[in-house]
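This report goes from the whole chain down to single residues. Keep the sequence and the 3D view open while reading.

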Amino acid sequence: MPSRTGYKNRPRIASALLFCYGIGPSMDKTLQTICGMLQSPDGMRRCAAAMVIAELRPKQNIVIKALGETLRDANQLLTRYVLEAFEALGTRAVVPYVLPLLEAPEVETKLRAAAIIARAGGDNVASLRNQFLKANPQQKRVLVDILARIHNREATQLILDVLFDPDFDLVKEACQAVRRHIVDATPKDRLALHRQVVKFMNTARVKKNDRALTSCLLLIGYVGSPDARKILLKYSTPRNLGYIRRNALLGLKGLTYTGASVNQVARQMFKYLGEPDYPNVVQNALDIIEKLPLGKAFESQWRKLLKSKHPSVRAFATRRLAATDNAASNRLMMSLLANPDVQVSEIAAGALARHKGAGKLLFAALGRERKLEPAWRLAKILKPHGETADKATLKKLAALAARALETGDRRHEPLLYLLRNANPKLADAVYREVGLKHKKAKKWAKAVECLRQIARSDAFDSELRFELSVCNVKQSARDLAPQLRAEDHALRGFQTLLQDKNFKLFERLKKERALTPADLYYVGFHFSEGTGPELKFGRKLLEHVAKRWPKTKEGKAAKSKLRLTPQQQQAITPVPVSESGQTS
């Protein structure tokens, strides 16, 4: 059924509902008819009657009584509709019928009943007091919640009296109930409640009971009157006991500060940050400072707190200093990267990664850094700044990376990591340059390691594939066994190049000075056992070996291989080639 708040003509809707159940539209007999429907054995008729009452909102006692009697044997659905009707009526006459529902097992029913009683106003406080005296602990918690919603002197006094109850859980629930429902109070009611609690605190009975006093401090904070600050600050000083100070600070956390009160509270809270009682005093003082709108004038104070003996205070100060992106802040964050406090160091690292103005400092630090671990950290912090780096800076880092890579200094790893993210083409150029230098120096393993780094990039063209394959041949065992040749990276690289019609593989192999007759014989032997273009290429390469080095063992082996038919070549046992380039 649609919400009744959307109906513009409730009498018509009520009449329509009655008509649906066989009742005429005459409004004179409506109330009598409704009361009869509430006693009907048909559950749907009873629910419909409650809905009609909720729409028509009659104030007659006969209707209220009929609704109340219906609750005696109502199921959960009917109870919901009856309570909706009571809510719509908004009269205190329904309270006696609703009070028993505070003990209902269903939470929804219990909360709805509590809301109805609370909405009825302060005239019911006397009834609630009587209920409270004979209630069990669970019922008292519900009654306290109702009292906290009423916001008048009588209800507040009942809550204050609860502060002396030996059941500490009930006392805590009373304070929390005030905290939950004070948001609904008007400024006038808040001020009245504040004055009532303060007057209660000054009584001799409260002064002798620390638990009641600490609870009052919480209530003052929850009510949040402007006058609460002075009282709570007085009880937060070191001359008070720890648990009293704690509750005073908790009360201060609930207040809103503006104008001169901001600096006043800040000055007093700063004094507490050096005390040894961390959980009760320091942390709560820190929470209060954190919510204060403090400006640049407190920057010197944050710097002092960096030396605090409490880790959370140091971390808090670092976060405050890291909030500004300027030259002084970034220099400080750079110095804090080496701080022994890991949390401080990580906050500084995060700030430097965010601050756009920190890029130059970080790039310069990475260029100077000689140790691997700090260099890695700087490179990771710099990752978000990669796209903002100028060409000169990246070129300088590329030169440093190339030098480190060539000499085997692992510092090239973080440098190239950064270049990969900032300018991938520049990183590929470093690997290419150093890889070809290693090839020229006949450092085959290092050359392969460099050139493989760009094997999956766009920079890996046919020229580089050829250079990598040559280096792989120089590292190869050159075992002529078919299963080993199938796994040889060099041969697979040459096979790919052979398929590229624009690359003159045979001409390049002939001109490559690094390749020996044994290397060429190995490649030619492999391809000569293929078919089509591979067979043609292999025989051509073997012919070159036989013609160029006819008196060597490789030349003679090439001639023998060329005289055999393809079927004979596959049947013959291959001649292994030694590392020195000679056949055995």
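## Contacts along the chain

Two residues are in contact when heavy atoms of theirs lie within 4.5 Å. The model shown here is a predicted one. Among contacts in the protein chain between residues at least 6 apart in sequence, those joining residues at least 24 apart make up 63%.

## Overall shape

What secondary structure does the protein chain have? There are 36 helices and 0 strands. The radius of gyration of the protein chain is 44 Å, while the globule rule gives 25 Å for 584 residues, so the chain is more spread out than a compact globule. Along the principal axes, the C-alpha atoms fill a box of roughly 125 × 75 × 40 Å.

Two pairs of residues give a sense of these distances. Arg513 and Ala66 are 447 residues apart along the chain, and their C-alpha atoms are separated by 110 Å. Val281 and Arg548 are 267 residues apart in sequence, with 91 Å between their C-alpha atoms.

## Surface and charge

Of the 584 residues, 49% count as buried. The protein chain exposes about 30500 Å², and carbon and sulfur atoms supply 52% of that area.

The chain has 100 positive and 56 negative charges. The mean position of the positive charges and that of the negative charges are 5 Å apart.

## Buried residues in helices

Helix 23 covers residues 359-368. Its buried residues are Gly359, Leu362, Phe363, Ala365, Leu366 and Gly367. An α-helix has 3.6 residues a turn, so residues three or four places apart point the same way.

Val281 lies in helix 18, which runs over residues 278-291. With a relative accessible area of 1%, Val281 is under the 20% cut-off, so it counts as buried. Leaving aside neighbours within four places in sequence, Val281 is in contact with Arg245, Leu249, Tyr272 and Glu275.

## The loop between helix 32 and helix 33

Glu512 is found in the loop between helix 32 (505-511) and helix 33 (517-528). Arg513 is in the loop between helix 32 and helix 33 as well. Is each residue buried or exposed? Glu512 is buried, with a relative accessible area of 13%, whereas Arg513 is exposed, at 81%.

The side chain of Glu512 reaches the backbone nitrogen of Ala514 at 3.3 Å. Not counting residues up to four places away in sequence, Glu512 touches Lys439, Phe466 and Val470.

Most residues other than glycine have a negative phi. Lys442 is not a glycine, yet its phi is positive, about 60°. For Arg478, also a residue other than glycine, phi is near 50°.

Both residues sit in loops. Lys442 lies between helix 27 (424-440) and helix 28 (444-452). Arg478 lies between helix 29 (462-475) and helix 30 (482-485).

Notes
Residues numbered from 1 in each chain as written. Predicted model: local features only at pLDDT ≥ 70, side-chain atom pairs only at ≥ 80, totals over all residues. Heavy atoms only, no water. Helix = DSSP H or I, 4+ residues; strand = E, 2+ residues; numbered from the N terminus. Rg over C-alpha atoms; globule rule 2.2 N^0.38 Å. Buried < 20%, exposed > 50% of the residue type's maximum accessible area, 1.4 Å probe, protein only. Areas by Shrake-Rupley, 256 points an atom, 1.4 Å probe, with all protein chains shown as cover. Lys, Arg positive; Asp, Glu negative; His and termini not counted. Charge placed at Lys NZ, Arg CZ, Asp CG, Glu CD. Polar contact = N/O pair within 3.5 Å; in protein donor to acceptor, adjacent residues only side chain to side chain.
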